[in-house]
Amino acid sequence: EQVNDIGMPNVQYLANELNFSSNYLSDLLKKETGKTAQEHIHLFVIERAKNILLNSSKSISEIGYSLGFEYPQHFSSLFKSKTGLSPSEYRNLN
């Protein structure tokens, strides 16, 4: 269930895949959607995490690692900042 082999995707990686500069990609997305490339990456990762949380019994740490986070606490912090709930709270409420 890894996002890719290099860990969590970053703006530079996605821009390179599209043959854009990272600034151009972020500016384009911001203009078209109101969100930066980094915000889109975070939204994608959070949606992926929600799906894994609800459809597997993996630990929070395992999910964080599988999504490319080097440290599980970074995954938990991002998840809570974007959803208002910790990963375990989200799993328990759903």
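The model is predicted, so local features need pLDDT of at least 70 and side-chain atom pairs count only at pLDDT 80 or more, while totals for chains, interfaces and linings use all residues. Residues are numbered from 1 along each chain as its sequence is written, and side-chain values use heavy atoms, with hydrogens and water left out. The protein has six helices and zero strands; both are DSSP runs numbered from the N terminus, with at least four residues (H or I) for a helix and at least two (E) for a strand.

**Overall picture**

- From the N terminus on, the order of elements reads α-α-α-α-α-α.
- The C-alpha trace spans about 40 × 25 × 20 Å along its principal axes.
- Of the 94 residues, 30% count as buried; buried means under 20% relative accessible area, exposed means over 50%, and partly exposed lies in between (1.4 Å probe, protein chains only).
- The accessible surface comes to about 5900 Å², and 49% of that belongs to carbon and sulfur atoms. These areas come from the Shrake-Rupley method with a 1.4 Å probe, and for residues only the protein chains shown count as cover.
- Contact means heavy atoms within 4.5 Å. Among contacts with a separation of 6 or more, 51% are between residues 24 or more positions apart.

**Confidence**

- The predictor's confidence in each residue is given as pLDDT, from 0 to 100. Its mean for the protein is 90, and 93% of the residues reach 70 or more.
- Among the elements, α1 has the lowest mean pLDDT (89), and helix α6 (residues 87-93) has the highest (96).

**The nonpolar core**

- A nonpolar core is a set of buried Ala, Val, Leu, Ile, Met, Phe, Trp, Tyr and Cys residues joined through side-chain atoms within 4.5 Å.
- The largest one here has 18 residues, and those with the most contacts inside it are V45, I63, L67, F69, F75 and F79.
- Two or more residues each come from α1 (11-17), α3 (37-55) and α5 (72-83). Helix α3 gives the largest share, seven residues.
- If you look at I63, you will find that it touches I52, L53, K58, F75 and R91, not counting residues up to four places away in sequence.

- H42 lies in helix α3 and counts as buried because its relative accessibility is 16%.
- Leaving out residues up to four places away in sequence, H42 touches M8, L78 and K82.
- The structure holds one salt bridge, a term for a side-chain nitrogen of Lys or Arg within 4 Å of a carboxyl oxygen of Asp or Glu.
- That pairing joins the side chains of E47 and K50 (3.3 Å, N to O). Both residues lie in helix α3, three residues apart, about one turn of the helix.
- E47 has 46% relative accessibility, so it counts as partly exposed.

- A nonpolar surface patch is formed by L18, F20, Y24 and L28, with about 350 Å² of accessible area together.
- Patches are made of residues with over 30% relative accessible area and no salt bridge; like charges are joined within 9 Å, and nonpolar side chains (Val, Leu, Ile, Met, Phe, Trp, Tyr) within 5 Å.
- L18 lies in the loop between α1 and α2 (22-33), and at 47% relative accessibility L18 counts as partly exposed.
- F20 also sits in the loop between α1 and α2, and with 32% relative accessibility F20 is partly exposed. Beyond its neighbours up to four places away in sequence, F20 touches A15, L25 and L28.
- N19 belongs to the loop between α1 and α2 as well and is exposed, with a relative accessible area of 72%.
- N19 has a positive phi of about 60° although it is not a glycine. Most residues other than glycine have a negative phi.

- S26 is found in helix α2 and counts as buried because its relative accessibility is 17%. Leaving aside neighbours within four places in sequence, S26 is in contact with T36 and A37.
- N23 is part of helix α2 and counts as exposed, at 56% relative accessibility.
- N23 and Q38 are 15 residues apart in sequence and 11 Å apart in space, C-alpha to C-alpha.
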